[in-house]
Amino acid sequence: MSLLVIGLSHRSAPVSVLDRASLSPDGRIKLLQDALAAEPAAEAAVLATCNRVELYADVDKFHAGVAELSTLLARHSGVGLEELTPYLYVHYEDRAVHHLFSVACGLDSMVVGEGQILGQIKDALAGGQELHTAGRLLNDLFQQALRVGKRAHSETGIDRAGQSLVTFGLQQLADGADVPGWAAGRRALVIGAGSMSSLAAATLARAGVAEIVVANRTAARAERLVEILTEPGGTGVGARAVDMGAVDGELTRADIVVSCTGATGLVLTADAVETALAGGRDLALLDLAMPRDIDAAVHRIAGARLIDIESLAEASADAPMAADVDAVKRIVTDEVAAFGAAQRAAHITPTVVALRAMAADVVTNEITRLEGRLPGLDERQRAEITQAVRRVVDKLLHAPTVRVKQLAGEPGGAGYADALRELFDLDPQAVASVSRADRGEAAADRHEVADRSAVDVKNRGRV
């Protein structure tokens, strides 16, 4: 395993740099394709959220991998390498596993314990599967990260250590008031229809807003979100979809605005907000996009209260660490050790398989030779001799192969595969052929998962 992660987040970079370094969906695809085309990388996946951009890769050379992948990250983020480098962090092998597991548990989130990151990790894995850039290592890693994150939330009270970014943002907008009491009866404008915007719309609906207007560049997605919000037996909120050209007009009627789109430029300008507030009323705005959707100059407009990613970072910087956080850290440590042991043990499997295949060949050849020297053996005698020889070989190989797998799972156990190949003079090509067969089976599994992911994507959007 040669896992490498290079990235930047709200912990390593100011919001202004994160804002510029964010990747569009097309940018993520191109980054993955270029990363796989780069010589040091055999697999790649991108985890991009509103407060982090991380590139995971399986590399054969550490220094070359860091140099090449850092350059690619800078190129596709649009931030120059010299400017970006001071904010990048690099984790390798077990430290990279520890980092992703911590991220999955919400320990590295702006709001500790938020659970939305699990959906974003799932999306990152699905993206790598669909583009065939995620192989066995990254599939194993991301799927285990999802399991670790779910374990942390089910076995501890990490959820109490913080809220989702949406909930936390609305609490900041409410300025200490109870969110349902503050939001009840108000009109809300939600700009965007992705996962974050959908979560915001659902949260506002449960809080008791009188109406939700959804604006999105793709009308079908906005209409689908409205259908979900107004389903029979739901919250009973009134909701309607509008196109993006109607946003300025809707601003004059809205009390709450939540925006989270993938736009590269501003969605709401300070002039538009100032015009909407010309009558002297108040407007609460929550900007969850990266890069920002709402002009930062809105902070200076009378009657406007803007909470954005930078505001949330400041508000959560001094959040206390709970005992549950320590419990999650112990889970992460245990899971990292287990994942490393499993990967090291899997590394020796092709060698063990090749050894057993060689032993089977030896048995077959010796039985053939014996039949040539003793042609008078009947079928029963031949079967008894064959079974006896096979049992002897199996018993001789059982203890060392079981033990070598155990030893290979321990730190520093990678050399046992080399020792087996040397001691038994195994053909390197035979071992490589077993590894290739494993990779082919894993690729077939990825295609099946990708097919299921495509079905999930078609059904995605249900709040």
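Modeller: Gladly! Two strands are said to pair if DSSP finds at least two bridges between them. Strands (E, at least two residues) and helices (H or I, at least four) are DSSP runs, numbered from the N terminus.

Biologist: And what am I looking at?

Modeller: This is a predicted model, where local features need pLDDT of at least 70 and side-chain atom pairs count only at pLDDT 80 or more, while totals for chains, interfaces and linings use all residues. Residues are numbered from 1 along each chain as its sequence is written, and side-chain values use heavy atoms, leaving out hydrogens and water.

Biologist: How do you know that S6 and S7 pair?

Modeller: They share 5 bridges in the parallel sense, and at least two are required. In that pairing, alanine 215 faces valine 242 of S7. Helix H11 (residues 219-229) packs on the sheet and touches S6 and S7, with its direction at about 175° to that of S7. Touching here is contact, meaning heavy atoms within 4.5 Å. Directions run from N to C, angles lie between 0 and 180 degrees, and axes are lines fitted to C-alpha atoms, for helices over the stretch in contact.

Biologist: What does alanine 215 in S6 stand opposite?

Modeller: Isoleucine 191. S5 (residues 187-191) and S6 (residues 211-215) also pair in the parallel sense, over 5 bridges.

Biologist: What makes S7 and S10 the edges?

Modeller: The open sheet has 6 strands in the order S7-S6-S5-S8-S9-S10, with parallel pairing. Strand S7 (238-242) and strand S10 (304-307) each have a single partner strand, so one side of each is left without a neighbour in the sheet. From one strand to the next, the twist averages 15°.

Biologist: Why is S5 called mostly covered?

Modeller: Of its 5 residues, 4 are buried. Buried means under 20% relative accessible area, exposed means over 50%, and partly exposed is in between (1.4 Å probe, protein chains only).

Biologist: What about serine 9: buried or exposed?

Modeller: Buried, with a relative accessible area of 1%. Serine 9 belongs to strand S1 and, beyond four places in sequence, contacts Leu18, Asn51, Arg52, Tyr89 and Asp108.

Biologist: Which sheet do those two strands belong to?

Modeller: An open sheet of 4 strands in the order S2-S3-S1-S4, with antiparallel pairing. Its edge strands are S2 (41-49) and S4 (89-92), each of which pairs on one side only. The twist averages 15° from one strand to the next. S1 (residues 3-9) and S4 have 4 antiparallel bridges, and valine 5 has histidine 91 of S4 as its bridge partner. Helix H2 (residues 25-37) packs on this sheet, touching S2 and S3 (52-59), and its direction makes about 160° with that of S2.

Biologist: What makes H5 oblique to H7?

Modeller: Two packed helices are described by the angle between their axes and the distance between the axes. Helix H5 (residues 94-104) packs against H7 at about 45°, with the axes 8 Å apart. That angle makes H5 oblique to H7: under 35 degrees counts as roughly parallel, over 145 as roughly antiparallel, 65 to 115 as roughly perpendicular, and the rest as oblique.

Biologist: And why is H6 called roughly antiparallel to H7?

Modeller: The axes of helix H6 (residues 116-130) and H7 cross at roughly 165° and come within 10 Å. Their angle is over 145 degrees, so H6 is roughly antiparallel to H7.

Biologist: Which hand does each crossing have?

Modeller: H5 and H7 cross in a right-handed way, whereas H6 passes H7 in a left-handed crossing. A crossing is left-handed if the near helix is turned anticlockwise from the far one by less than a right angle, and right-handed if clockwise.
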